[in-house]
Amino acid sequence: MAPLKKLKKIKKKKKKKAKDKQKSQSEKCSRKSIPTPDSKTQESDWWNSFRQKNSTSGLKVSGDEEEVFKHFFRVSKKTFDYICSLVRQDLVSRPPSGLINIEGRLLSVEKQVAIALRRLASGESQVSVGCSFGVGQSTVSQVTWRFIESMEERAKHHLKWPEASKVEEIKEKFETAFGLPCCCGAIDATHIIMTLPAVETSDDWCDKERNYSMFLQGIVDNEMRFLDIVTGWPGGMNISRLLRCSGFFKLCESGERLGGSVRLSEGAEIREFIVGSTAYPLLPWLMIPYEGNDLPPYMASFNTKHKAARSLAERALSQLKGSWRILHKVMWRPDKRKLPSIILVCCLLHNIIIDCGDKLHSDVPLQDHHDAGYEEQTCQQVDPHGRTLRENLSKHLHCHEESPN
């Protein structure tokens with residue numbers, strides 16, 4: 001018979017082995033039950049599943065798969081893959097909690113991006129978007145916000161003021177298309193309408209049409225790409241004040257932006273400028289049209305060219321709101337601190353579509369004005385130097401029309 005001490009040691013060893021075995025099995029089980037983003041159980045067929053669920057959604061495009069994909073997500077599959085590459089690191093390394101679908105699988109990066117794009121493109125409720133993907137409302141909320149946070153950082157290079165060489169190229173394009181030398185872009189603003197809880201309502205956010213809204217101001221180039229935006233300001237303020245509150249205004253006033261100039265054939269010099277409506281002040285770097293009826297020929301001619309160039313900004317905002325309908329529909333009690341990020345990411349996506357060479361369906365841009373129902377504002381502020389530069393430019397253009405050689 002073995003000594004008592006030896007028996008105790010043998011029993012302890014057996015207990016330890018049993019415990020280790022149980023722990024090992026538990027870990028194996030745990031590893032099996034908690035999927036990872038790179039797991040084989042990850043969803044790779046999200047598109048087929050989504051298309052089947054939404055095959056009767058009143059589709060008005062051809063049966064071509066690429067066109068159907070663009071109908072739902074606004075981008076081609078190639079551009080979709082590019083967007084996934086931008087945000088993949090963030091969505092994989094720091095996935096939000098609870099992103100497991102009804103089949104117990106962790107959502108793939110592709111499905112997360114698709115959910116976010118569909119929410120922004122359709123403007124439908126989170127519940128509705130969730131149903132079309134087989135996920136819950138909270139998942140749509142988490143996924144969309146993580147996507148927006150990632151895009152703000154990873155895609156910011158798609159929206160910035162261009163380098164000097166690119167500015168020269170833009171000026172050439174504007175002069176060729178509209179006959180306006182030294183023009184660097186077009187500016188316009190639109191209202192993003194929302195409902196607010198009673199505790200958050202104030203006259204600042206209530207605009208002249210009695211809607212609660214947030215402003216978005218954008219400057220676009222000849223391709224309708226956004227070069228600069230400002231948002232986050234209440235819709236109750238005037239557009240001219242919105243301009244003056246922007247960083248762009250301060251840069252232009254100091255000469256750090258739109259600081260170049262060109263000497264016209266008549267000897268007068270004009271500064272680089274952008275074109276805007278009469279809602280904006282007339283400044284040395286911001287040309288607005290002449291007002292009034294029975295204008296002299298040189299003024300009327302300038303207005304015609306000016307209107308054609310200015311329409312780029314109007315069309316860009318119509319395309320933005322048509323593509324990303326979340327900005328066009330009335331938003332239900334959005335977080336006003338987060339809304340500027342949503343607007344920015346929609347502008348980034350707008351530029352990515354252009355940069356990647358995607359073509360939107362003709363029915364995507366809004367058919368009416370981007371601010372339908374709003375009366376055009378008029379600003380009476382006139383800078384004397386701006387008035388002189390506009391006169392010089394108008395007479396120069398008219399002179400060249402009369403003697404093109």
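Visitor: Which element gives the largest share of the lining of the second largest pocket?
Guide: Strand E1, with 3 residues. This is a predicted model, with local features needing pLDDT of at least 70 and side-chain atom pairs counting only at pLDDT 80 or more, while totals for chains, interfaces and linings use all residues. Residues are numbered from 1 along each chain as its sequence is written, and side-chain values use heavy atoms, without hydrogens or water.

Visitor: What counts as a pocket or a cavity here?
Guide: On a 1 Å grid over the protein atoms alone, a cavity is a set of points where a 1.4 Å probe fits but cannot get out, and a pocket is an open set with protein on both sides within 12 Å along at least five of seven lines; lining residues have an atom within 4 Å of a point.

Visitor: How does its lining divide by class?
Guide: Into 5 nonpolar, 7 polar and 9 charged residues. Asp, Glu, Lys and Arg count as charged, Ala, Val, Leu, Ile, Met, Phe, Trp, Tyr, Cys and Pro as nonpolar, and the others, Gly among them, as polar.

Visitor: And the largest pocket, what volume has that?
Guide: The largest pocket comes to about 500 Å³. Its lining has 21 residues, and those closest to the centre are Arg119, Gln126, Ile326, Pro334 and Ile342. Two or more lining residues each come from H5, helix H7 (137–154), strand E8 (331–332) and helix H12 (339–355). H7 has the largest share, 4 residues. By class the lining has 10 nonpolar, 5 polar and 6 charged residues.

Visitor: How many cavities of 30 Å³ or more?
Guide: The count is 1. The largest cavity has a volume of about 30 Å³, and Ile270, Arg271, Phe273, Pro284, Met287, Leu389 and Leu393 line it. That lining holds 6 nonpolar residues, no polar ones and 1 charged. Strand E5 (269–271) and helix H13 (384–402) each supply at least two of its residues.

Visitor: Changing topic: which residues of H2 are buried?
Guide: Trp46, Trp47 and Phe50, in helix H2 (residues 46–53); buried means under 20% relative accessible area with a 1.4 Å probe, protein chains only. They lie on the same side of H2, because they cover an arc of only 95 degrees around the axis, taken from the directions to the C-beta atoms.

Visitor: What do they pack against?
Guide: Helix H3 (65–73), helix H4 (77–93), helix H5 (109–122) and helix H6 (126–133). Contact means heavy atoms within 4.5 Å. Phe73 touches, among others, Trp46, Trp47 and Phe50.

Visitor: How many residues are in the largest nonpolar core?
Guide: 107, with Phe73, Val113, Phe147, Met151 and Trp285 having the most contacts inside it. H12 gives the most to this core, 10 residues. Such a core is a set of buried Ala, Val, Leu, Ile, Met, Phe, Trp, Tyr and Cys residues joined through side-chain atoms within 4.5 Å.

Definitions and conventions: Grid points are joined across faces, edges and corners, and a volume is the space filled by probe spheres set on the points. Buried means under 20% relative accessible area, exposed over 50%, partly exposed in between (1.4 Å probe, protein chains only). Lists of a residue's contacts leave out its neighbours within four places in sequence.
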